[in-house]
Structures are given as C-alpha cells and as structure tokens.
Amino acid sequence: MDVVFLSSGWEYLLRIVVVATVGYLWLVLLLRVSGARTMAKMTPFDFVITVTLGSAFGRTLTAAEVGLVDAVVTFGVLVLLQWLLAAARARSRRVASLVDVEPTVLFLDGEPVTRALRRHRMTDKDLASAVREKGWGSLDQVRAVLLQSDGQLAVVGPDGWGDGSAVEPHAHR
C-alpha cells in the first residue's frame, strides 16, 4: 500500500493547478452571468447552491477521476438549476411559498413575541443586542424587530413605521 505524505507527484499537482484555475474562472463567469441573486445575502435558498458548488469544486480538485469537463458541466447544471428556480420563484407565488422563508416578527409594539422567540431559539438579550446595533438605546424606542429570511435582525423605529404594511403581515402572536 502506497502512503502519500507530501505529494502524489508532479502530474497530479499540475492537474490540480489546471482544474483549479479553469474551474475557478468558470465559476466566476457563471456567477457573473447568472446575476446578483446568486451572490445576494444568504437565504436558505442561496445557502444550498453555495454549499453544493463548494462541495463539487472541492471534489473536482482532489479527485483525479473527476475530469475538467465533468466539473464544468456540473457547475453549469447547478447554476442553471439555481437560475431556473429563482425565475420560477419570481413568477409563481406557489413556488415562492415553497422556497422562501418568511420574515418573523420577534418584537412588536413593546412586547416580545414569545412563541416566535422560542421557535427561533432567541432571547430578549438577542433583541436588545439588535436594537443597540441599530443605534437605539432601548426596546421601548422601537416598534418592531424582525428575523429576516437571511438571518439578519431588522429593527423598525417609530419614524420608519409608516402604515406598518411591511411588518404586520408577518406578525403571528
């Protein structure tokens, strides 16, 4: 049994350099052509494609039996599927409801939404931290705190409330 400690040889290293370079450039091109959605803030929808592309790219670099053409086709198919799902999501409410994670109101009009906090494993301290990060000194100064679909906490102050239409549909007490 051959044990490789330092290298599998120059041919294997050259293969890694070529595949890494071509694969990287191909991915950059695909992501550039596919639009900003692929590179937007990470939602679960975006996370899946990121992990899948990373896994495929890593396997391509380290598995000698995976050819460069195989990698290029794999990346292309994954990005195409992401693009098609994003297009279907934009055109169909049903697809959007299956794919999107709705924002969740965690705090509204002076009261924490306890059930939502528990469901998302968050505490009043998390709310206070989000409020401080946005420059507010107290929860009493804000109208709402929402957990966005990308995991960020959004804080809505009284001046930014308007008619509340961006918050109220997500309030499930």
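Predicted model: local features only at pLDDT ≥ 70, side-chain atom pairs only at ≥ 80, totals over all residues.
## Basis of the model

Local features need pLDDT of at least 70 and side-chain atom pairs count only at pLDDT 80 or more, while totals for chains, interfaces and linings use all residues. Residues are numbered from 1 along each chain as its sequence is written, and side-chain values use heavy atoms, with hydrogens and water left out.

## Overall fold

The protein chain has 6 helices and 4 strands, in the order α-α-α-α-β-β-α-α-β-β along the sequence. Helices (H or I, at least four residues) and strands (E, at least two) are DSSP runs, numbered from the N terminus.

Of the 173 residues, 30% count as buried, meaning under 20% relative accessible area with a 1.4 Å probe, protein chains only.

## Helix α3

Helix α3 covers residues 68-91, which is 24 residues. At 1.5 Å a residue, α3 should span 34 Å, and its end C-alpha atoms are 35 Å apart, which agrees. The expected span is 1.5 Å times one less than the number of residues.

The buried residues of α3 are Ala-71, Phe-75, Leu-78, Val-79, Gln-82, Ala-86 and Ala-87.

## Nonpolar cores

A nonpolar core is a set of buried Ala, Val, Leu, Ile, Met, Phe, Trp, Tyr and Cys residues joined through side-chain atoms within 4.5 Å. The largest has 20 residues, and Leu-106, Val-145 and Leu-153 touch the most other members. The elements giving two or more residues to this core are β1, α5, α6, β3 and β4. Apart from it lies another core, of 13 residues, including Ile-49 and Val-79.

Definitions and conventions
Buried < 20%, exposed > 50% of the residue type's maximum accessible area, 1.4 Å probe, protein only.
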